[in-house]
Amino acid sequence: MSLLSTSNLNIHIGNTPVCHNLNMTCEAGEVWGILGRNGKGKTTLLHTLAGLRPAVSGEILIRENNILELSRKKIAQQLGVLLQHHEDSFPATVLETVITGRHPHLNHWQWESQSDWQCAHQALSTVQLSHLSKRPINQLSGGERQRVAIATLITQNPDIMLLDEPNSHLDLKYQIQLLNQLCQQTRTQGKTTIMTLHDLNLTARYCDKLILLLGDGETMTGTSKELLNESNLQKLYDHPISRIESDGYPVFITK
Amino acid sequence: MLIKLIKLIITLSLNKPTDPSFLKMLKPLTILVLLIALSIASFLFALSVGSLPLSYMEIFEALKGDGSDITQTVIFELRLPRAYIAFLTGGLLSLAGMLMQVLLRNPLADPYILGVSGGASVGSMLAISAGLASSLISVSAFIGALISILLVFGLAHGRGSWNPSRLLLTGVVVAAGWGAIINFILSVSPNQSLKGMLFWLMGDLSYAQAHHLSDPSMPVILIAGLLFSLMLARSLNILSHGEMQASVLGISIKPLRLSLFLLASALTATAVTKAGSIGFVGLIVPHMIRLLMSSDHRWLAPASVLAGGCLLLLSDTIARTIIAPQQLPTGVITAFIGVPLFLYLLNRGYRQQELS
C-alpha cells in the first residue's frame, strides 16, 4: 500500500498551471525530490499534497484514503510538513515549540505525558539544540530556528514528511547531518519523504525519485538516475549544466 | 478553573516530586496559587475600606449572616455587589484580550481596539439620552456591541480573504467611526445626561446593586469562556506560530478562528454591558502574565482571569475611596496602576532577554 499517491492531479496558481494530470505513488522507504525554478510551484505542490490548499481537480490519497475525507487531525497524525516560513508571535521557549509536534496525538484536555516530553527532548538532541531548550524562540538565529522546526517535525513523527527547502539557513554540516538523519529514518522506518531542493548534488545523493516542474503544467516523474541528465536539467533550469562523476556520486556544475 | 485544579492535583499526586513534568508545573502553579490568594485578599480589602471602615472580623460575621444591620447592608447592598462585578469584569476583559491577541497574532489586539466597546458605548449613550431605565441601557449596549462585531466580522471577511491585519485594520477603523459618533452624541446632548455618559465612557461600577449577585449571566459566561479557552489552549499555543503551522499540526483553522472571535466578542460584550467602557485591562493583563509566567495558554488563561479580576477590583476600590466622598471612574485608576506596572515588566523582560 502506498503512503501517498496522486491521480490526475491538476494544480493552478491563479491561471498558471503548476502540474497537469500528475500521477505519482510514494511507497514506504522512498525519498522524493521536487525540482523547479523559482515560482514554478514547488511549495504550492507541497502544500497541495499536504491538503493545505485545494487542487483544481484530481485526487490525493493518504494510505488509499482521499485527503478531502480526512480531518486535519487525522492528516496530521500521518503527514507532517516542514514549512518555509516560521512565525512566532509570542515568546514561547524552544522546548514549548518543539512539544507542539505532539498536538495531533493528544485529545483536547490531555496534557503531554512523560513519553511526549521524551520525544521532544530526543528530537532536540537530534538537531543538537538541547542546550537551548529554555531559550525564547525569538532569540534564535535563522539556522537554529530551522532546526527547531525540524525537531518539531521529528516530534510529530509522521509517516509522510513533506520538507520545503529543509536546507535553508543551515550550514554545511547540518545540511548533511539532518538530511542523513531524515532520509535514514525514512528508509529504516518505512516512511516516505518529499522535499523541495535547489541543490542538485544533494538531490542526486538523497532522492530516489524526482518530480521536475518544468512550468506551464508540464512535469516529469521518475527515478533520479533517469532524470538527472544534462538535457533534462538544461530544460528545467534554462541554463546549461554539466554532469561529472566523483567518488561514485554524480556532481553537477553550472557552465 | 476547578476542573483544572482537580486535574492538576491528581497529576501531581500521581507523579513523584522529582518528575521533570512536575518541576515544569511548579512555577506556574505557584503563581496561580498566589493569584488566588491575591484575589481573596483583594475581596477582603474591597469589603473593608470605605466611608464605614470594617474590620475583617466584622466582614466574616456579616458573611456568616451575623453582625449589625448596617454592616449587613454595607456589605451585601453596596460593597460585595460592586466588588463582584469589578472582579468578573476584569476577568472577562482579560480573557477576551488574550483570545483576541492569539486570534490576530498581534500584541496590540484588544477588544477595545476592535471597536466592540465603541459599539456598546454608542448603544448605551443613545439609551441614556433617550432617558431609558438602567436595565434597558444594558440591553442597548449589548446590541451595540453585537452590531459592531457583525460589522467588523462581515467587512473583514469580505470575499473570503480573512487575514489578521485586515481584521485589525477594519476593527481600528470601525472603532474610529464609533468614536466620531460618540463625540457627536456628546456634543448634542443636554447637560444633565452628560456626566452619566462620561462616566459610562470611562468605566463605571457605581451602579452595582444587590440583585446583581443573583444574576448568573456574568459568572456563567466567564466560566464557560474559561473552560472553552482551556479546551482550546493547546491549539492556541500552536496558533501563535501561524495558521499554516496550526493547520499542519492538525487544527481546523476556520472553526477555531470563528469560535475565538465569537467567544472574545461575547466576553467583551458582557463586560462592557455591565461596567461601561473600561479599556486597557484586556491589553495589558495577558502580557503581564506572559512576561511573569508562561506563554502556555493552559496557564495563561486562568492566570489572566484572576489577575484581570484583581487589577480591576483593586482599581475600583481605590477609585471609590481615594478622594472620597467623590468617586473617580475606574478606568482612570486601571490606567494609573496598569501603565507603570506594565512598562516596568516589559522593560525587565527585555533586560532579562538581553542577559540570557
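Let me start with a term. The radius of gyration here is taken over C-alpha atoms, and the globule rule is 2.2 Å times the number of residues to the power 0.38. Keep that in mind, and note that this is a predicted model.

Now chain A. With 255 residues, the rule puts a compact globule near 18 Å; chain A has 18 Å, so the two agree. The C-alpha trace of chain A spans about 55 × 45 × 35 Å along its principal axes. Nine helices and 12 strands make up the count for chain A.

Next, packing. Of the 255 residues in chain A, 43% are buried. Take the contacts in chain A with a separation of 6 or more: 65% of them join residues 24 or more positions apart.

One helix deserves a stop. How many residues of helix 1 of chain A are buried? Eight of the eight, residues 42-49, so helix 1 is largely enclosed by the rest of the structure. The buried set runs from A:Lys42 to A:Leu49 and includes A:Lys42 itself, A:Thr43 and A:His47. After helix 1 comes A:Gly51, with a positive phi near 75°.

Last, the partner chain. Chain A puts 32 residues into the contact, and chain B puts in 24. On chain A, helix 2 (72-78), strand 6 (79-82), helix 3 (94-99) and helix 4 (114-126) each supply at least two residues to the side that touches chain B. Which element of chain A gives the most to that side? Helix 2, with five residues. By class, the side of chain A that touches chain B has 15 nonpolar, 11 polar and six charged residues.

How values were computed. Residues are numbered from 1 along each chain as its sequence is written. Chains are lettered from A and ligands numbered from 1 in the order in which they are written. This is a predicted model: local features need pLDDT of at least 70, side-chain atom pairs count only at pLDDT 80 or more; totals for chains, interfaces and linings use all residues. Two residues are in contact if their C-beta atoms, placed from the backbone, lie within 7 Å. Helices (H or I, at least four residues) and strands (E, at least two) are DSSP runs, numbered from the N terminus. Ala, Val, Leu, Ile, Met, Phe, Trp, Tyr, Cys and Pro count as nonpolar, Asp, Glu, Lys and Arg as charged, and the others, Gly among them, as polar. A residue is buried if 20 or more other C-beta atoms lie within 10 Å of its own, exposed if 12 or fewer, and partly exposed in between; C-beta atoms are placed from the backbone.
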